[in-house]
Amino acid sequence: MKDFVKTIEILFIGLIVAIVVYPFLHEGGHSAFAVISGIKVFEFTIFPIPSVLCNMSDASVLQYILIGLGGMIFPFIVSVAFRPKHFVWWYIDFVVKIISMIAFGISIVGIIMYKTNTPIRNEDITTTLQAAPDLWVSLLLLCILAELVLILSIIKSQPIKHIEKFYGI
């Protein structure tokens with residue numbers, strides 16, 4: 001019964017990370033990169049649908065790229081730089097890394113679909129490629145590199161060891 005309760009606890013934490021923490025980091029990344037690049041952010045929301053509203057009418061190509069990629073870069077940096085010891089914090093970081101891997105994987109697919117003239121609508125990588133279509137190879141390599149870094153970071157964090165310790169195995 002004790003293991004069942006622990007399992008429900010970590011599933012609940014994972015759900016909160018997926019619904020609140022990751023969207024906050026993702027949209028926070030867009031917002032942070034917008035502010036850093038001199039673009040005014042008008043609205044930042046997490047619920048009901050995560051989004052950032054800013055005026056991009058005078059944005060340069062570099063600003064489009066920074067803001068478009070900021071939603072993936074910020075959670076990536078946070079998850080790779082954060083090295084918690086306590087299980088709950090480690091697990092939150094682990095879930096953010098997994099979701100970041102999914103995000104970069106979607107971007108890899110998005111780049112390929114963009115190059116085959118079937119872009120994914122309203123996807124950050126599609127918006128970035130519309131601003132800088134010649135950078136598709138660089139963006140593809142960047143996404144692949146991020147995937148590899150996340151995989152190595154997850155392996156280095158020894159997830160089996162953490163889970164065994166959590167369950168007392």
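Ser107, Gly110, Ile111 and Tyr114 in α3 meet Ile125, Thr126, Leu129 and Gln130 in α4, where contact means heavy atoms within 4.5 Å. That set of residues divides into four nonpolar, four polar and no charged. For the classes, Ala, Val, Leu, Ile, Met, Phe, Trp, Tyr, Cys and Pro are nonpolar, Asp, Glu, Lys and Arg are charged, and the others, Gly among them, are polar.

This is a predicted model, with local features needing pLDDT of at least 70, side-chain atom pairs counting only at pLDDT 80 or more, and totals for chains, interfaces and linings using all residues. Numbering starts from 1 along each chain as its sequence is written, and side-chain values use heavy atoms, leaving out hydrogens and water.

Now the geometry. Helix α3 covers residues 87-115 and helix α4 residues 124-131; their axes come within 9 Å and cross at roughly 45°. Helices here are DSSP runs (H or I, at least four residues), numbered from the N terminus. Axes are lines fitted to C-alpha atoms over the stretch in contact, with angles from 0 to 180 degrees between N-to-C directions. α3 and α4 are therefore oblique; under 35 degrees is roughly parallel, over 145 roughly antiparallel, 65 to 115 roughly perpendicular, and the rest oblique. Their crossing is right-handed, meaning the near helix is turned clockwise from the far one by less than a right angle.

Next, α5, residues 136-156. α3 packs against α5 at about 155°, axes 9 Å apart, so the two are roughly antiparallel. This crossing is left-handed. Residues of α3 in the contact include Phe94, Met101 and Phe104, and those of α5 include Trp136, Leu140 and Leu150.
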